[in-house]
Structure formats: C-alpha cells, structure tokens
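Colleague: Let us go through this model one feature at a time. I will ask how to read each feature.

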Amino acid sequence: MKKKYLKLLIVALVSSFCVVIFSKLRDVERSQKDLLKSPSVPTATPRKPTTVVISTIKKKMESTMPYELPPLTISEAFRKDVPKNGAFWNRKLHSLLRQFDSGIDNQAHKHPREKFHCQPESFELLQTNIQDIQSYPPLYGDFLQSMECRDPPLLINQPDKCASESGPGQIFLLFAIKSIPKHFERRQAVRETWGREGLYENGLQIRTVFLLGRSSVDDPNLDKLVSFEAQQFRDILVWDFHDSFYNLTLKEHVFFKWLLDDCPRVSFIFKGDDDVFANTQAILDHLQSLEPEKATALYTGQVISDASPLRDPKIKYYVPQSFYEGPYPPYAGGGGFLFSGNLLPSLYHVSFYIPFFPIDDVYNGMCFKALGISATKHDGFKTFDIRAQDRENPCVHKDLLLVHQRDPQQTMRLWRNMHSAMLTC
C-alpha cells in the first residue's frame, strides 16, 4: 500500500510540475503576442525558428573554404592619399598593394585570405619594424600582434536570420549593431523599439543582429548568459576574439564574411552602436526615396572630413606617428551609417589589401574610398548628438535618422513618446 501511495504521489508531483511549466510558457507566448499587437510597432511575419549554431572545429573548416570574389579595382585616389613613408601601417599597405598589382593571388588562383596566417607576430619582429613600440599603450601591442588574424571561429550563428516566408533575398534592411557581452540592457531596448524585426509598410522586411566577441579579460565570463540570450532572441552573433575597441575592425571584417555567407542579398545595411537611437521609419523613407544609381553605391551618415590622426596617448583615438602618417579619408561616423548591400562582395575583397586599422570607422572609410565610393553627408545623422534642450523632444527626433548617445531608459521613453497618438508636432 505504501508503494502504491508513493507512486501516486510521484505522478501527482510530476503532473503539477508539467502544469506549472506549461503555464509559464503560455504566459511568455501571450506576452509576446501582446507586444506585437501594440499599435506603435509593426507586426512581424512568422518565420521558422532560427537554430543557434555553436561552431565546432569541423564546422569552422567548412565555413572558411574560399569562394569566388568579384574582380577588384583599387582607386588611384585612395593610393595617393596614403603617403609612402616609414610609418609601419603605410609600409604594410603599399606592400599589399604591390602584391595586388602583381596579380600573384590571381595567377595562383588563391583566395586572398590564404596569405594571412593567424600566428601572433613576435615582439622582436615588431620592434625591428617599429623602433618606439615600447612607448605604445599595452592594448596596441595586442592589436599589432594579431593583425594577421582575420578568421576567428564563429561561436554562435543565426544561419536563418535572412530567411523569410517569401523566400531568400527579401530582406530590405538589416540592422547590424555593435555590442559587447555585458550590454544586455542596451540590446533589449533596441529590440523593443527601433530595432524590432518585422514586416513594415510597403512589405519591407527588417532584421536585426547584434555583433559580439568574447568577454574581455578584465570582465566576468558571460558566455553562458550570452548563449541563453542568443537562443531566446535569435539575434546574437559571437566570434572567438576578445571584444575590445581595437578589435572593432576585425569585427567589421568577419561581419562582411557573415553577410556573404548567410545574408548575401540584403538590400541595405545599417551599421551602428548599441547606444544610438534610430528613427526606423525615417530611415525606410530615405532609402525608398533614393534614385537607383545612388541606392546601388550608398555610403551615408554624418561625414567627418579633413580628419587627421590624434597624437595624444591619453585619448581613446590615439595613433602613434610611427604607426600611421597621413590624413584620413572622409568617413561616416561609426555611431551609425547606411550602405548598400550590393557593395558587400567588393568591400570584403578589398579589405584583404588594406591592413587592419585600430579605428573602425576610419578603416571603413578607407575600404569605401579604395572602391571609389565617396561618403555622402546626410543631415539626419547626429553622431555627436543634438542640443541639450532638444534631447527629450520627440518632435525634433521625427526629422532625424539617428542620434548618439542614448541610454536604454531614454530610448524607451523617446520611442514611446514619438509613437503616442497624443503627440502633435
């Protein structure tokens, strides 16, 4: 009898546990549906669940097999803008340009990726080429030693991100947001506001991805939390390198490769930071207004012209004179900019002949200029923010495409006020 009662008790407990779990899942599903019914937010079209892929060594080897790249021409204007002198980066660039001009890669039918081997440069080699390297900040040493490492494993992928019910190639705009593991609150604010995925007016599909490396050595390990977040929201990409300011250029390079592999026919890409506020509808309106010839060669944002390296070692954007000497090309501020998806193959190709630079938006400007694409100014991009008295004014933001910087609470409040039925501008 005791055994019989014990069995009944176990069955009752298991049944109760299942009921509780089912109830919780139903509550989550109901809350997600309620969010999608909000009148201020576009309704997302259903799509198949995306599988989070944790790369294995075998998967990495398969994904790094070379594929054909388009023919490439590197503009004379870019070549002339980077002087030939004794600075380390300048010498490295002109060495790669000589390789390109000689056609060695084409003659050997090699993918340009094959010239780079992820073997850290020895300090002795660097000291031979940069006599004052001991005066460089420590992070510069890490950057210099890993400049040849261009293909870190993709640890978490979203291979179906650009799939849609109407078939591949239907994504109009991809929001690609640079983030770091500990910035969950910022990512969530983007998901709930301007970065919400779905089907917008005129049948335009929008998708969002967050680009991450691994936690830096001085931060707690958040790998498990990030993995859970990726499974929950299906919008996280993680590569196996330490997420740091000087690795943002590497993040740019591997993102180009991911686009070619998993989202090759997206029409436009918005690249930005996780602390910007973007006006989604204004961005869509601008993109739809473009004439065809401008749409196919788009590179736009708040353009920084006539910039030069900053030589103060105390500031974030410090570039030593023995590392790089010369002006910067005009470039769109890295807080947020737009470019055409059809430029992706050429951008990825040309990035193999331009050495990594420690400032990612400057590096982007170099890549676009090397392709003969000029950065075009758009007054709706405010990467250096707007007047303090206008920062909480939703009517001022109605005419802007982007402002930088906003914390998650400001983003939520601004989005809510901009989409309020009571707002009169």
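Colleague: What percentage of the residues of the protein chain count as buried?

Modeller: This is a predicted model, where local features need pLDDT of at least 70, side-chain atom pairs count only at pLDDT 80 or more, and totals for chains, interfaces and linings use all residues. Residues are numbered from 1 along each chain as its sequence is written, and side-chain values use heavy atoms, with hydrogens and water left out. Buried means under 20% relative accessible area (1.4 Å probe, protein chains only). Of the 425 residues here, 49% are buried.

Colleague: Which residues touch the most other members of the largest nonpolar core?

Modeller: In soluble globular proteins, nonpolar side chains tend to be buried together. A nonpolar core is a set of buried Ala, Val, Leu, Ile, Met, Phe, Trp, Tyr and Cys residues joined through side-chain atoms within 4.5 Å. The largest one has 72 residues, and W89, L144, F255, W258, F323, I354 and F357 touch the most other members. Helix 10 (residues 248-262) supplies the largest share, 7 residues; helices are DSSP runs of H or I, at least four residues, and strands runs of E, at least two, numbered from the N terminus. A second, separate core of 39 residues includes V238 and L287.

Colleague: In the open sheet of 3 strands, what is the order?

Modeller: Two strands pair if DSSP finds at least two bridges between them. The order is 8-15-14, with mixed pairing. Strand 8 (276-278) and strand 14 (381-382) each have a single partner strand, so one side of each is left without a neighbour in the sheet. Strands 14 and 15 (the latter residues 402-404) pair in the parallel sense over 2 bridges, and F381 stands opposite L402.

How values were computed. Buried < 20%, exposed > 50% of the residue type's maximum accessible area, 1.4 Å probe, protein only.
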